[in-house]
Amino acid sequence: MNYEFSEEEKRFRESVEEFCKRYIEPRWVEIDEKGHIPLDLIKRLGEQGLFAIPVPEKYGGMGGNMTLAAIAVEEIAYHDPAVAVAVYTLLQNGWPLALSIFGSEAAKQEILPKVASGDAFFGIGSTEPQGGSDVAGIKTVAKRSGNKWVINGEKAYISGVREMSELPEGGGYFLVSKTEKAEWGHKNITDFVLLPKWHGKMSEKVKPTVYDEIGRHGISTGGFKIEDFEVDDEFRIGEINKGFYYVMEGFNIARVLVAAATIGSARWALDKGTEWIRERKLFQGKPIASFQGVNFRFAELYAELEAAKYFVYRAAWMVDNTYLTNSPRFKPRDLDVPVALAKMKGPETATRIYEEVLKWLGAYGYTKESNVYRGWLGTFSYTIGAEGSQNIMRYVIAREVIGKEYVSHTG
Amino acid sequence: MRIIVALKPTYDVSQLKFDSEGVPLLDTCPVTLGEADKCALEEALKVKESLGATVVAVTVGQSEAHIKGIKDALAMGADEGYIIKIKNAWNISSITVANAIARFAVVTGPYDIVFTGSGAGDTHSSIIGPMVSALLGYRLVANADKVEVKEQKAKAKCTMEDGTYNYEVQFPAVITVTSEANEPRIPTLKAILRSKNMQVKEIGPEQLDLSVEEYKDIKVIKHMVERKRVIMEASDQKSAEESVIKLLTFLKDEGVI
Amino acid sequence: MFLPGRELAEKVSGLYGEIYYSDLGPFDPLAYVSALYEVASSFSADIAVFPCTGKGRVLAGLFSAKNSRSTATDVYRVESKENSLVVRRLVYGGKAEANLELNLPATLCLLQGSYAEAEANLTSRINEVSKQNQSCRVEFIPKKVEGIEPDKAEVVVVGGRGIKTKEDLKMIMELAGLLKGAWSVTRPLAVDEGWSETWIGITGLTVSPKLYIGIGVSGQPHHMMGARSSKIVVAINSDRNAPIFEECDYGIVGDLYVVVPEMIKRLKNVK
């Protein structure tokens, strides 16, 4: 096992760090405060080649891999602890990769180069008002009509709704839909590329709304109603009725990057905390770092963060050795547990670190001026869920390790 | 066109610390390519993109930092990179450094332009570029804030103490570039992957017919300026008023107001 | 002594025995140095001295390389020995000093403010050196001088990163005016924000006034290189750990937006 990053990986991390120091670090608080990632920053991220990193060059991607994408997302999150920019970036890496694996040649050529350049958005459209974790229970329906499909339904708690409508080209989603009829099940789901705005034109058949969230304000979360939206069959992703399996693989890919974002933000918090406990002096000049109540807790959190980091990069390595190599060592199902471990540990470790650092900071941490609360709220959103709830991660690990016959969704 | 960019990895002096005896803690001070050097490389790369040129990056020294500096230059887009193998590169005389670069230019040349940073971040003597120009017999533009390169000549805007100088100079020329000249590109992943298999070439002083002059017994210690360091606190309006009154009294006593 | 014009040569009459000049026109470094070579070749100078300015450094480099002279810049103390000079120079942005020995012939760039102005009453001979060939086309645009120039002022008030908007610079200007001095900024305010054409620092102006007041200036090495030789340094900054407090005579740790208006108020009252 090689526990070191390669020279190119290290150099790439440095280049991302330089980019973040120049273009993200000075603005992350404003982005969180104003609730908006400036479009010029999105374009710059595209120009720097930080989108579509694992996507092949022939589709406009960078010809890199998930390890590099995870490095980029982690570093961006370190410089944007509220994680909005990091999340935007991870979505423009994970779902384009999923599309490049499962989508049609035509869809890939049409969409991916514009996502890579920062002109279009591509995310995941799976969750609905009545449920997210229960993908088999979605109600959006796609009905075949000649060489088109007509889609009706509603999606909720979807990232990027506003960005998609603001970007010059537009963008859309890896849409998860029922085939012909909305019955509960895994074998009647078909995926599509849904582009509510494309070539600068917003369709009237998709009506988006944006929510007001408690944190991670820079990136929008919202929903949209789909009314008789027509999609060409060449924008169907993969085979009819196999959609459940494709989106599960897509979630596995995206989850690695979500975990990478949370550990990047958590590392910022722990670094801030380290600086603080060295400087803060109480009880006649003693730095609070010298109190065992503080430094023992520090050691525990440091250990958890290191562990979470290794989960992330091990999962990224496995994704690379499943989809991005000429001789795959793993099958997609082999990714379930390693990815669940990363996605379970990452956000939860981040939440624990933020809570403790805020306690070290005392009343100062409770003020907006300290900015630490922004990272707390941002990473906490991933403890709630998004690309997979924390309980689903537990379910996956239990099911795979103890055995399917013992572990069920609802039991 | 052929262009050399001479680079120097320097200590980041804003992070430099000293021990209790005033000895600089150089081992723990980060070393990177300076801002002006990166701008020099960026100017060369701009010429490569607009007019087509071979860009050769060179540094005088063989430490890890020097090798990394050249690798970073390759990742930014330089075509070739060399280290001139001299030990203790930070302890050699300026004329040795300039001679090394000049002889390198002669041995691997000819070149149309030599770009350097206007001054290094750590020792800031700003004389290497001019020395190289005199040694090679090239024309010189120093401290350029803005550079425009054409086929046979360059235009540059330089800010000096008394105003702005707009120069137009024919090649071959040495152009020293300030950190105001441009925003150096950050290597993209594609550029990093492309440079992965590029080698950092080495060239020794013997190949350049170079005699190395080291400073003997340079003693570097913390520069202590005698200052009174009378510090007052102004945490609220009242203490602000009091400190200002005290300050103005001090300054009157000093005779400066 | 060599100067690039007759007028300048006459100004230093009395200070040197032999004064040389050439009508060189706007600064063409190679032409200037070629005139210098002409003068230098007529006698062998053990030591060549230049000021530590942008132009001075360029000329020092060009002049030195011709005869492989040992060179040191940012020098503030010189001791001569038999066949060498022992010089003390500033390095690492002025954070450290280096003591080194230079063999003759040597070239020095002296830091502004490291020596007092010379006084002498010699009989001077002014000699003209022939015009040199131009190495390049030069167009010179003199800088606009508004008010007192910082490098000629007795009092300099400097605004740093703590100043939040361009409007707030008016406070700096007002304070400078009340103290009959000049105002300036640190490099980021000039280069990044564009609030001034000039700035104080190693890549900008060097000042050595009787009084320097840094407002919202943290005291980074490259800025202090341009201000260190001030007689009295005053710092106003809200960050207790700002490096400038190590290098000041008097400092106030506080909000400049409270302290500076207070200073202005009191100075106005005195008037």
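Trainee: How much area do chain B and chain C bury between them?

Mentor: In this predicted model, chain B and chain C bury about 6600 Å² between them. Carbon and sulfur atoms account for 60% of that area.

Trainee: And how many residues does the contact take from each chain?

Mentor: Chain B contributes 71 residues to the contact, and chain C contributes 79 residues.

Trainee: What about charges: how many salt bridges does the rule find across the interface?

Mentor: The rule finds five salt bridges across the interface of chain B and chain C. One salt bridge joins the side chains of Glu180(B) and Arg187(C), at 2.5 Å from N to O.

Trainee: How many residue pairs are in polar contact across the interface?

Mentor: There are 40 such residue pairs between chain B and chain C, with both residues at pLDDT 80 or more.

Trainee: Which elements of chain B give two or more residues to the side that touches chain C?

Mentor: Those elements are the helices α4 (128-136) and α6 (237-254), together with β7 (139-149), β9 (163-170), β12 (219-222) and β13 (230-234). The most comes from α6(B), which gives eleven residues.

Trainee: How do the residues on that side of chain B divide?

Mentor: They divide into 38 nonpolar, 16 polar and 17 charged residues.

Trainee: Changing topic to strands: which strand of chain C is joined to β12(B), and does the pair run parallel or antiparallel?

Mentor: Strand β6 of chain C, residues 96-103, is joined to β12(B) by four bridges, and the two run antiparallel.

Trainee: Which residue in β6(C) is the bridge partner of Val220(B)?

Mentor: Val220(B) has Ala98(C) as its bridge partner in that strand.

Methods. Residues numbered from 1 in each chain as written. Chains lettered and ligands numbered in written order. Predicted model: local features only at pLDDT ≥ 70, side-chain atom pairs only at ≥ 80, totals over all residues. Heavy atoms only, no water. Contact = heavy atoms within 4.5 Å. Buried area = accessible area lost by both parts, 1.4 Å probe. Salt bridge = Lys/Arg side-chain N within 4 Å of Asp/Glu carboxyl O. Polar contact = N/O pair within 3.5 Å; in protein donor to acceptor, adjacent residues only side chain to side chain. Nonpolar A, V, L, I, M, F, W, Y, C, P; charged D, E, K, R; others polar. Pairing = 2+ DSSP bridges.
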